[in-house]
Amino acid sequence: MSIMIFDPNTFEKLIEVEGEHYRRFRSKRLFGDNSFDALLEEWGKHDLDDPKFKNGPTFSMGTIYGDGGWHRYIVRNSGEILFLRSAARGWPTSEHELWIKKARMVGFRIFPEDLP
């Protein structure tokens, strides 16, 4: 099941990956256009009848920064949030794979390998 930006518990899922201290980075005031709130607001402005949305969720509308900007979560036009493999902390160490495993366990699909 995909994690969608508009689901009420989505930010809590980000907290599960990033840690409780990440809660303070939710607002646009602190993380600007790469905050959860900014991307949720932007997603809500789009006309879902626009052809780029009808052509499927292959387009990205932005990126949410994880703790300290290390991790990145791609927000697709569909509203689905994907964890970006190449931006996992610890790259290219074993810590990198632990973050990916944690994100996957919470329910995030991993970009690019979890895409059809």
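This is a short talk through one predicted protein model, from its confidence to a few of its contacts.

The mean pLDDT of the protein chain is 86, and 90% of its residues reach 70 or more. Helix α1 comes out best, with a mean of 97, while confidence is lowest in helix α4, residues 51-54, where the mean is 62. As a reminder, where pLDDT is low, the predicted coordinates should not be read in detail.

The largest nonpolar core has 25 residues, and Ile64, Phe83 and Phe108 have the most contacts inside it. Which elements give two or more residues to this core? Those are α1 (10-18), α3 (36-45), β1 (60-65), β2 (72-76), β3 and α5. In general, nonpolar side chains tend to be buried together in soluble globular proteins.

Take phenylalanine 83 as an example. Leaving aside neighbours within four places in sequence, phenylalanine 83 is in contact with a whole list of residues, including Val17, Tyr73, Trp99, Ile100, Ala103, Phe108 and Ile110. His71, Arg72 and Arg109 are also among its contacts.

Now the strands. β1 and β2 run antiparallel, joined by 5 bridges, and tyrosine 65 stands opposite arginine 72 in β2. The two strands make a hairpin with 6 residues between them. If you look in that turn, you'll find glycine 68 with a positive phi of about 65 degrees.

Next, arginine 89, which sits in the loop between β3 (81-84) and α5 (94-106). What does arginine 89 touch, not counting residues up to four places away in sequence? The answer is Glu18, Asp67, Trp70, His71, Glu95, His96 and Trp99.

Last stop, lysine 28, in helix α2, residues 28-31. Is lysine 28 buried, exposed or partly exposed? Lysine 28 counts as partly exposed because its relative accessibility is 37%, which falls between the 20% and 50% cut-offs. Setting aside neighbours within four places in sequence, lysine 28 is in contact with Asp33, Ser35, Asp37, Ala38 and Glu41. With glutamate 41, the side chains are joined by a polar contact of 3.3 Å.

How values were computed:
Residues numbered from 1 in each chain as written. Predicted model: local features only at pLDDT ≥ 70, side-chain atom pairs only at ≥ 80, totals over all residues. Heavy atoms only, no water. Helix = DSSP H or I, 4+ residues; strand = E, 2+ residues; numbered from the N terminus. Contact = heavy atoms within 4.5 Å. Buried < 20%, exposed > 50% of the residue type's maximum accessible area, 1.4 Å probe, protein only. Polar contact = N/O pair within 3.5 Å; in protein donor to acceptor, adjacent residues only side chain to side chain. Core = buried A, V, L, I, M, F, W, Y, C linked by side-chain atoms within 4.5 Å. pLDDT = per-residue confidence, 0-100. Pairing = 2+ DSSP bridges.
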